[in-house]
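Dear colleague,

I am handing over the structure below, and my notes on what was found in it follow directly after.

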Amino acid sequence: MPELPEVEVLVRHLSPLLVNKRVQQVKLRRPKVLRPTSLRLFRQILGGAKFSGLKRRGKYLVFELQPANGPEPIIMLGHLGMTGRMYLLPAEAPLPKHAAVVLCLGHEQFVFEDTRYFGRLTLDCTALAKLGPEPLEPDFTCGAFARALRRSRQAIKVKLLDQTVVAGLGNIYASEALFRARLAPTLPACGLTMQQIKRLRRAIRGVLAMAIASGSTVPLDYDGSAGRDDLFYFGRATKAPASYSERLRVYDRAGEPCLRCGTLIRRRVQAARTTFYCPHCQRQ
Ligand SMILES: [Zn+2]
């Protein structure tokens, strides 16, 4: 499932391709992904609008458009869910089977494809108001992080997935950050010392920054003709390296030796999500 770094890389990739392109036609194959925006409203507002910017907030893509009529900019929110992909195709290219929304932009078309339909492309932005601080921005302070953690007896791994505590972490980077910070994923969030909180904050910022830097070096391909990356749910260019999941130290490595101490990495299920950790390095 794409997390903050994957979305950030996608945003950086798509932004220059979309800006100044005008939506000439809206094709809705799976109106469910627009919820709660109605089909009619989506068509009416998007028709003729011009992309003016693209940003990321948490795991959301925040598209900015100038409407055909009226000065007020439009915000369209995208979420990749589990399997969503967003890319541009030449106008004449056939659409993939699971294309949910297609925005015709003249010589190209913007495609939102989703095989499992957990993703979203909507004009409803209420989800943004609930998000906690951006982990790479200055407002993600140790103080704010500590206050959010102190209110909860949930295990720290589970709490890190709570988007109101910090926005953008998912299963992969929560496991990786806890390994870097040498913290057991089962520790109650409210029991962390200030020193542990500082270490964890630094680890979160470190893993995310590294993942963005690493992802930014991978050339992306609009149609995924070179096959899909196992972390990035959109195509990889033909000459791109096969995979860069090696940068993950614990995630999906159960039964393999810890890269730091050699102990076998374990997995456990917490709140219906799998956590990977080193029982030796992450004892406290
Ligand atoms: Zn270890």
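F51, F63 and F110 form one aromatic cluster, where rings of Phe, Tyr and Trp (its six-membered ring) pair if their centres lie within 6.5 Å, and planes under 30 degrees apart count as stacked, over 60 as edge-to-face and the rest as tilted. Please bear in mind that this is a predicted model, in which local features need pLDDT of at least 70, side-chain atom pairs count only at pLDDT 80 or more, and totals for chains, interfaces and linings use all residues. Residues are numbered from 1 along each chain as its sequence is written, and side-chain values use heavy atoms, with hydrogens and water left out.

The search of the whole structure finds five aromatic pairs, among them the edge-to-face pair of F51 and F63, at 6.0 Å centre to centre with 65 degrees between the planes. Both F51 and F63 are buried (under 20% relative accessible area, with exposed over 50% and partly exposed in between, for a 1.4 Å probe and protein chains only).

The zinc ion is coordinated by the SG atoms of C258, C261, C278 and C281, at 2.3 to 2.4 Å (donors are N, O and S atoms within 2.8 Å of the metal, or 3.2 Å for Na, K and Ca; water is not among the atoms, so sites may look incomplete). In sequence these donor residues follow the spacing C-x2-C-x16-C-x2-C.

Finally, R260 lies over the face of F179, at 4.4 Å from the ring centre (a charge sits over a ring if NZ of Lys or CZ of Arg is within 6 Å of the ring centre and within 35 degrees of the ring normal).
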